[in-house]
Amino acid sequence: MIRYTDFCFGVALSALLICFGNLAFTILDGHTRKPQNRIYMSLLMLLAVNAVCEMINVRVGEYDMSSEVAFMITRSSKYVYFLSHGLIAPVLYYYLSFVIGRSVGFRCSPDASKKEKLRVIVSWAIVIVSEFIVAINPLTHWSWYYTEERVFHRAWGEYIFIYITSGLWIIAAFIMCMKSWNILSKGRKRSIAICFLLAVVGVCLQLFIPQLRVEILIESIGFSGVLLFIENEDDRKNVELDVYNSAAFELDLKANLKNKIPVKILIIRNIRFDKTANTVVFGRMNRDLIIKEVSDYLGTVIQRYFIYSVGHGRFALTLYNYSDKEAHELAETIGKRFQEPWSVNGFDIIVSSRIMLVNVPERAKNVEEVIYIAECPIPELMEERIIEGKSLDWIIRRSAVEKAVTHGLDNGSFEVYYQPTYNIDRTLHGAEALLRMNDKDMGIIYPDEFIPIAEQLGIIDVIDEFVLKEVCKFLFTGIPQKNGMDCINVNLSVLECMKEGFAEYVSGVVEAEGIRKKMINFEITESVAAKDYDHLADVIEQLKHEGFQFSIDDYGTGYSNMSSLFSLGADIIKIDKSILWNAEKSELGMTLLKTSIDMVHKMQKKALMEGVETEQQIEILKKLGCEYLQGYYFSKPLPKNEFIRLIENN
Ligand code: C2E
Ligand code: CA
Ligand code: CA
């Protein structure tokens with residue numbers, strides 16, 4: 001039979017060995033740089049101290065009765081045990097606050113919220129009070145005492161200041177982790193869950209079956225799990241560059257946002273050879289070497305654990321507690337370094353880069369926006385080497401609009417408005433369908449902004465189809481016809497109608513909705529490259545053959561070949577509003593307006609003037625013989641129901 005004291009000694013020794021093992025792996029793997037790593041090591045050391053005390057306690061305790069010295073050693077080891085044991089739970093809590101990204105450094109950030117500061121103060125107060133109560137135990141005997149016979153007894157203080165406070169710390173840590181659960185990676189979730197489970201089991205066993213003495217062992221096993229899944233950051237690392245990867249970047253940034261920790265992100269991108277450099281001798285492998293050089297250089301201006309590789313030749317640095325000035329200075333320093341050559345395989349190579357400085361959450365509200373900024377094309381005309389502040393705004397706006405457009409149809413944020421067109425005698429002629437986007441976050445967005453983006457994203461076809469279907473549905477009600485409208489104008493993206501099979505496709509849509517094709521008038525802008533005229537002419541011919549009507553939009557803004565333009569077979573030419581507005585400003589403008597309308601008439605087409613805003617303009621247009629009018633003078637584009645009210649009251 002094994003003796004009870006041997007059993008206890010063995011358990012404590014196992015715990016100690018596990019702690020040392022974990023500590024050795026941590027140091028050998030080099031996970032020692034971050035504050036988080038250091039707290040983890042402190043946890044292991046606290047546990048190791050516990051285990052050593054326990055071992056002394058068991059071994060020397062056997063001689064308590066016979067030896068004064070032994071008794072003194074046992075008592076001291078108990079004392080150290082309780083002092084260090086009470087620290088484990090709060091340090092674990094602190095450790096987890098780093099893991100979930102709530103703490104990013106040892107100091108509380110100066111611009112932390114009041115609530116956050118209070119939390120820090122209360123935490124410290126609790127730790128200090130409970131440690132103090134334990135520390136004065138030799139005088140008070142509140143937490144434990146020895147009888148005359150030198151037998152150890154627990155007192156109420158141990159329950160309150162060690163077990164209950166530890167329990168509370170663990171509950172608080174649990175709540176904290178739950179709140180951030182969705183920003184944790186799978187491995188971290190698993191490891192934290194197991195750690196909690198073991199902690200609860202350990203504390204309960206110690207409380208209810210104290211003779212088992214397994215608490216420290218269980219805790220050290222829990223910390224091994226932490227080492228495996230949290231401290232070991234293989235899944236977060238870019239091993240070649242010895243920095244974090246983009247998955248880690250996303251998770252850490254999410255954690256910052258979730259915990260409302262402001263951070264500045266410095267992005268270094270477009271790392272490439274300058275055209276002037278002798279790059280001929282350089283292949284891809286050397287490019288990789290340069291990127292490694294850059295990464296090593298970055299490691300000299302900031303701690304490596306703030307560096308992320310977020311794409312090939314693209315880095316992001318997270319700057320905590322940096323003032324605007326300090327962040328800008330760092331960007332300048334890095335920018336200057338890029339003016340110097342990098343030395344690779346004995347060659348000196350100049351490499352260019354662009355640097356962006358993004359304040360989160362002021363400039364970029366979420367991870368998607370930051371990633372967009374890191375990846376979006378930078379227009380050539382943007383010359384600044386360091387792009388920050390306002391220059392970032394349009395990039396961010398664009399990213400938000402892109403997102404809104406992409407999800408616009410699913411979110412039901414598109415709505416077709418109608419602007420009436422009139423005959424020159426001011427009777428109703430028709431209407432133009434104009435799209436609006438009402439995004440729940442951004443409010444109304446106008447087509448001048450989102451249509452070009454939709455074209456670039458390649459989703460203009462579904463948007464145009466949506467408009468066409470809406471217009472068909474409106475026509476299907478018979479209300480436009482009843483009020484004397486000839487047709488409704490639908491704008492077409494030129495890119496779109498040049499696509500193979502476009503005419504058949506559009507016919508199919510309109511036929512399926514059961515609408516007569518002559519009720520639809522397509523508007524196409526004249527801004528087509530001359531070489532595409534033949535093809536466009538074919539498409540229009542085909543559409544006309546199907547029975548649709550046709551208008552040329554924005555006449556007078558392009559530099560197109562007039563004769564080709566008029567040969568396109570449109571029925572109505574819409575003259576751009578700028579021509580009208582300029583006519584009122586100068587003699588030359590007036591001549592241009594007159595010539596434009598004359599030209600339209602010479603080609604046996606009819607003219608529609610957009611942008612009519614005043615009575616005076618109508619008088620001019622009447623004299624020039626313009627057939628149709630459209631503009632704010634009559635009405636702005638209106639939502640369908642308001643439009644119906646307008647035409648029914650006319
Ligand atoms: P557009 O086809 O030249 O449309 C005329 C624009 O002039 C409309 O702007 C209209 O609201 C505005 N407008 C009309 N009368 C006046 C006026 O008296 N004064 C002033 N200041 N403006 C006037 P909107 O609706 O913002 O549309 C802008 C452009 O977006 C359109 O130019 C068109 O090219 C495009 N667009 C609009 N809806 C669609 C659509 O459903 N599909 C496609 N592909 N493009 C569309
Ligand atoms: Ca138009
Ligand atoms: Ca127009």
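**Close-ups of a predicted model and its calcium sites**

Both Asp-553 and Glu-610 are buried, where buried is under 20% relative accessible area, exposed is over 50% and partly exposed is in between, with a 1.4 Å probe and protein chains only. This is a predicted model, so local features need pLDDT of at least 70 and side-chain atom pairs count only at pLDDT 80 or more, while totals for chains, interfaces and linings use all residues. Side-chain values use heavy atoms, leaving out hydrogens and water, residues are numbered from 1 along each chain as its sequence is written, and chains are lettered from A and ligands numbered from 1 in the order in which they are written.

**View 1. The calcium ion (ligand 3) and its donors.** Asp-553 (OD), Asp-554 (OD), Glu-610 (OE) and Glu-610 (OE) coordinate the calcium ion (ligand 3) at 2.2 to 2.6 Å. Donors here are N, O and S atoms within 2.8 Å of the metal (3.2 Å for Na, K and Ca), and water is not among the atoms, so sites may look incomplete. Along the sequence, the donor residues read D-D-x55-E. Asp-553 sits in strand E17 (residues 549–555) and Glu-610 in the loop between strand E19 (606–609) and helix H23 (615–624), so the pair ties together parts that are 57 residues apart in sequence. Helices (H or I, at least four residues) and strands (E, at least two) are DSSP runs, numbered from the N terminus.

**View 2. The calcium ion (ligand 2) and its donors.** Here the donors are Glu-432 (OE), Asn-491 (OD1), Glu-523 (OE) and Asp-553 (OD), at 2.1 to 2.3 Å. Their spacing along the chain is E-x58-N-x31-E-x29-D. Asn-491 belongs to strand E15 (residues 487–491) and Glu-523 to strand E16 (residues 520–525), so this pair links parts that are 32 residues apart in sequence.

**View 3. The bridge between the two ions.** Asp-553 bridges the calcium ion (ligand 2) and the calcium ion (ligand 3), which lie 4.2 Å apart.

**View 4. Stepping back to the chain.** The chain has 24 helices and 21 strands. Its radius of gyration is 37 Å, well over the 26 Å that the globule rule gives for 650 residues, so the chain is more spread out than a compact globule; the radius is taken over C-alpha atoms, and the rule is 2.2 Å times the number of residues to the power 0.38. The C-alpha atoms fill a box of roughly 125 × 65 × 45 Å along the principal axes. Of the 650 residues, 49% count as buried.
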